[in-house]
Amino acid sequence: MKRCSQAPFKYLEITHMKKIEAVIKPFKLEEVKDALHEVGIEGMTVSEVKGFGRQKGHTEIYRGSEYTVDFLPKIKIELVVSDTKVNEATAAIIKAAKTGKIGDGKIFVSEITEAIRIRTEEKGDSAV
Ligand SMILES: Nc1ncnc2c1ncn2[C@@H]1O[C@H](COP(=O)(O)OP(=O)(O)OP(=O)(O)O)[C@@H](O)[C@H]1O
Ligand SMILES: [Mg+2]
């Protein structure tokens, strides 16, 4: 991370990291994890979540049956990566998670201000 001492800020923090949040179909988790590993992603957080997209869950098939409830089980993967890896990581997720059918999921990318590895207190993109 670079710190610039330009007015009006004493420290203007220029971030070099992004958070990628991907909501995917649960059965795609292993494939996505392997694809991310192949492009050198070393850490991620995974959660079981529920959600719906524009079809509101109605016409999606989950484990062979058509769901009539609004919320469908999904997996959310969160990973913070240096800017240089964002394109590779999102491409890997898309390639692994895509079936071409509705409900394949979404990827959201946002700025990260800081990351700290607790054990070593390394900061910025050397902590991810
Ligand atoms: N705008 C959103 N904000 C947050 N989460 C979302 C949003 N859209 C979708 N999701 C999450 O992603 C999951 C999968 O969404 P989904 O792929 O069905 O989106 P979609 O827009 O309906 O696209 P498709 O037409 O391909 O189904 C949802 O169950 C929900 O958890
Ligand atoms: Mg949908």
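**View 1. Surroundings of ligand 1 in the predicted model.** Ligand 1 is surrounded by 14 residues, the closest being G51, R54, G103, G105 and K106; a residue is counted here if one of its heavy atoms lies within 4 Å of the ligand. This is a predicted model, in which local features need pLDDT of at least 70 and side-chain atom pairs count only at pLDDT 80 or more, while totals for chains, interfaces and linings use all residues. Residues are numbered from 1 along each chain as its sequence is written, chains are lettered from A and ligands numbered from 1 in the order in which they are written, and side-chain values use heavy atoms, with hydrogens and water left out.

**View 2. Polar contacts of ligand 1.** A polar contact is a pair of N or O atoms within 3.5 Å. A polar backbone atom of G51 is 3.2 Å from an oxygen atom of ligand 1, and a backbone N or O atom of F52 lies 3.0 Å from an oxygen atom of the ligand. For K106, an N or O atom of the side chain is 2.9 Å from an oxygen atom of ligand 1. Taken alone, ligand 1 exposes 610 Å², of which the protein buries 72%; accessible areas come from the Shrake-Rupley method with a 1.4 Å probe.

View 3. Side chains of opposite charge can pair when their charged atoms come close. A salt bridge is a side-chain nitrogen of Lys or Arg within 4 Å of a carboxyl oxygen of Asp or Glu, and by this rule the count comes to nine. In one of them, the side chains of E111 and K18 meet at 3.2 Å, N to O. The pair links distant parts of the chain, with E111 in strand β8 (residues 105-112) and K18 in strand β3 (residues 17-24), 93 residues apart; strands are DSSP runs of E with at least two residues, and helices are runs of H or I with at least four, numbered from the N terminus. E111 is exposed because its relative accessible area is 52%, whereas K18, at 17%, is buried. Buried means under 20% relative accessible area, exposed over 50%, and partly exposed in between (1.4 Å probe, protein chains only).

**View 4. The salt bridge between D104 and K25.** The side chains of D104 and K25 meet at 3.3 Å, N to O. D104 is in the loop between α2 (86-97) and β8, and K25 is in the loop between β3 and α1 (29-38), 79 residues apart. Both residues are buried.

Notes:
Polar contact = N/O pair within 3.5 Å; in protein donor to acceptor, adjacent residues only side chain to side chain.
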